[in-house]
Amino acid sequence: MRFLDTLLNLLFPPKCPFCGRVLDRPGVCPACEAALPWLAEEDGLWTLPADVPCAAPLRYEGLARKGLLRFKFQGASAAAEPLGELVARCAAERFAGEFDVVTWVPVSRKRLRQRGYDQAELLARAACRLWNTRPVRLLDKRRDNPAQSGLHDAVLRRENVRDVYAASGAAAGRRILLVDDICTTGATLSSCALALRQAGAETVLCCTAARAVMEKVHKSGEE
């Protein structure tokens with residue numbers, strides 16, 4: 001496995017997900033690490049409309065926005081490793097010992113075909129590799145609803161994701177960490193958390209790579 005990793009790094013060298021600089025190992029380059037819009041301690045943990053705790057390490061602006069848009073829409077799937085590490089670090093700091101299974105907010109089948117990958121699943125898998133475990137698929141998207149990025153009103157966003165997600169019975173009795181890429185109003189995460197609770201989840205916690213400020217959001221790709 002070490003030989004394979006070395007070979008892959010030679011053929012496809014790891015790059016910083018925010019500036020694209022080639023690195024010796026997967027991660028964030030020192031310059032971006034210093035320049036990223038890190039959320040302040042008091043802003044990095046908040047409560048979603050469904051009364052669900054949510055955490056994120058970054059504010060969705062500047063370098064963070066640039067890197068996440070590249071990851072989500074421009075085929076930069078390799079960015080999942082360093083971004084997943086940020087999610088794992090944040091979840092460990094905020095929710096250590098409070099969850100026993102990790103899952104993610106799934107995209108629709110149509111969007112999966114178009115994009116070629118589910119960005120939240122890649123984040124969850126990357127985070128779990130650091131914990132020597134694997135995420136479990138507990139949610140399905142019932143229909144391909146309009147993208148949340150096209151809606152700027154919180155009420156419209158909530159209506160847009162109402163009853164869109166369904167949870168499996170495997171959620172029953174579990175303490176779940178739900179992973180996604182960006183949180184704006186929290187409508188999507190809240191809808192997923194509600195579905196997991198209805199399926200019998202004991203608790204649901206959420207962690208995303210970045211938190212968007214709604215009044216600064218335009219058509220920038222966050223969900």
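Is Cys128 buried or exposed? In this predicted model, Cys128 is buried, with a relative accessible area of 1%.

**View 1. The chain as a whole.** The chain contains eight helices and eight strands. Of its 223 residues, 48% are buried. The exposed surface comes to about 11,100 Å², with 52% of that area supplied by carbon and sulfur atoms. Among contacts with a separation of 6 or more, 74% join residues 24 or more positions apart.

**View 2. Cysteines without a disulfide.** The structure has zero disulfides. Cys206 is in none, and the nearest cysteine sulfur, that of Cys54, lies 5.0 Å away. Cys206 is buried, at 0% relative accessibility.

**View 3. The largest nonpolar core.** This core has 38 residues, of which Phe18, Leu68, Phe71, Leu83 and Leu177 touch the most other members. Two or more residues each come from helix 3 (62–73), helix 4 (80–95), strand 4 (101–104), helix 6 (119–130), strand 7 (175–183) and strand 8 (203–211). Helix 4 gives the largest share, seven residues. In soluble globular proteins, nonpolar side chains tend to be buried together.

**View 4. Surroundings of Leu68.** Apart from neighbours within four places in sequence, Leu68 contacts Tyr60, Leu83, Asp181, Ile182, Ala209 and Ala210.

**View 5. The second core.** A separate core holds 25 residues, including Val101, Leu139, Leu178 and Ala199.

Note on methods:
Residues numbered from 1 in each chain as written. Predicted model: local features only at pLDDT ≥ 70, side-chain atom pairs only at ≥ 80, totals over all residues. Heavy atoms only, no water. Disulfide = S-S within 2.5 Å. Buried < 20%, exposed > 50% of the residue type's maximum accessible area, 1.4 Å probe, protein only. Core = buried A, V, L, I, M, F, W, Y, C linked by side-chain atoms within 4.5 Å. Helix = DSSP H or I, 4+ residues; strand = E, 2+ residues; numbered from the N terminus. Contact = heavy atoms within 4.5 Å. Areas by Shrake-Rupley, 256 points an atom, 1.4 Å probe, with all protein chains shown as cover.
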